[in-house]
Amino acid sequence: MTPKTKDPAENLTLELRRGLIVLAILARLEEERYGYALREELLGQGLEVPEGTLYPLLRRLESQGLLESRWQTGEGRPRRYYRTSPRGREALEAMSREWRSLVEVLERLLPES
Amino acid sequence: MDLIDRYIEEVGRFLPRKIRSDVQRELRSTLEDSLESRLANGRDDDAETTQLALLTELGHPEELAASYLPEPRYLIGPRLYPGFQLTMRICLFALAVLLLLGVVATAVEEGGSHLSLLAVAVGLFDDYLATALTILGIVVFVFAVIERLSRPSDSTREWDPRSLPEIDDPDRVGRIGQGVKLALLGLALVVVNFFPDRIGSFVTIGEQSGWVPLLGPAFNQHLWLLNLALGLDLLLNLVVWRQGRWQLMTRWLDFATTLIWVFFLFRLATGPSIVEPDAEWMIAHGWSSEAAASYVSLIEDALSDLVEIGLGLGLIAALVGTTILVFRLVKKTLRQML
């Protein structure tokens, strides 16, 4: 999705968040969750992901083989549950390593606030 | 629930059938979860306000549906777009020149007033627009095919910096220029096979004006050879485009294709004239029989000779060019072998 705003700082912040959201999703879906529950979980941890971003993203990650899903249609509302696939776990490990190393480097590079 | 139902229905309208019902089902389930939670938390005043807020945050149904679709979703991507623009400019410019020639020819022949010239120009513009739209359709089709045949390979592919071309490398292929060449070859293939009646000229005789096809039945005798030459040229240039530069083998294949072109020109120059407007076609398309007869005799008297002279000169030029090409190729091949 193309950001609508023309403010470069806002655009860059959105770009930065986009990649990190994938990392957060893969980490949180090691335990099986449905879309809304995942959103609440991330929100509870301080990461707000718009619903219009999250639900299509779950589908795309699934089509890339990083997530698996199944419908649960027992009692109550039918829900689609997602969980990180073995391929997704590999991606999560690689991304986590990269993230930790980047944080370390950027801590040195960024000016102290 | 009315707004939610309408929203889900609208999102579905922009989704492919394959995933539509599944996405709609999931969307309903998550929206109901979200709505329930918002109402329980009392974040908004009432159910309708809550629905409005929720759907506004989700975004326009078309945008939400688009984010479910895989990338890329375009006919002609950014790599080929400059070539597409250039091809369209070339085609439209050539067409505009034809239109202008039609008006000028009328001015010379008829010596009409400015107003009647304007009427002719407006009449010709109709044909121009129809032809321009046909060309636009074909060029988009050809570029869409090239786009799908030439998807770039993985950007993380291994490469050797030593394979970088020299700055003044005569074998290097300009991507845009080559793209335009491919499109024009594709356009020619489509036109000669599916729209041969579009090869013609804008004609003005007396009060009447319009597009008249120029090719006669003799053209069909050469069609197989023309298809062979165009097809081989297209394939060869596609390979060269993918490789990014001319190599010795593709140069030799280019030489072979040039020979087929020379043979094609030779057959055109020595066979019956392919330029032969059909008087019956003109009459069937609203021209008076006098106008049709006058145009056919004009073409037979003047244009046919001109075309034959042009073909003869083209053949001589092609033979000279081919001879120079073969000398260069032999030299290059020997240099590589020794």
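Which pattern does chain A follow when read along the sequence? Select chain A and trace it: the pattern is α-β-α-α-β-β-α. That makes 4 helices and 3 strands, where helices (H or I, at least four residues) and strands (E, at least two) are DSSP runs numbered from the N terminus.

Before moving on, some housekeeping. This is a predicted model, in which local features need pLDDT of at least 70 and side-chain atom pairs count only at pLDDT 80 or more, while totals for chains, interfaces and linings use all residues. Residues are numbered from 1 along each chain as its sequence is written, and chains are lettered from A and ligands numbered from 1 in the order in which they are written.

The contact takes 14 residues from chain A and 15 residues from chain B; two residues are in contact if their C-beta atoms, placed from the backbone, lie within 7 Å. On the chain A side, pick α2 (35–44), α3 (51–63) and β3 (79–84), which each supply at least two residues. The largest share, 6 residues, comes from α3(A).

Next, click on Leu67(A). Among the residues this leucine touches, leaving out those up to four places away in sequence, are Leu29(A), Leu58(A), Tyr82(A) and Gly88(A).

Of its 24 residues, Leu29(A), Leu67(A) and Val11(B) touch the most other members. For the largest share of this core, 4 residues, select α2(B).

Definitions and conventions. Core = buried A, V, L, I, M, F, W, Y, C linked by C-beta atoms within 7 Å. Buried ≥ 20, exposed ≤ 12 C-beta atoms within 10 Å, placed from the backbone.
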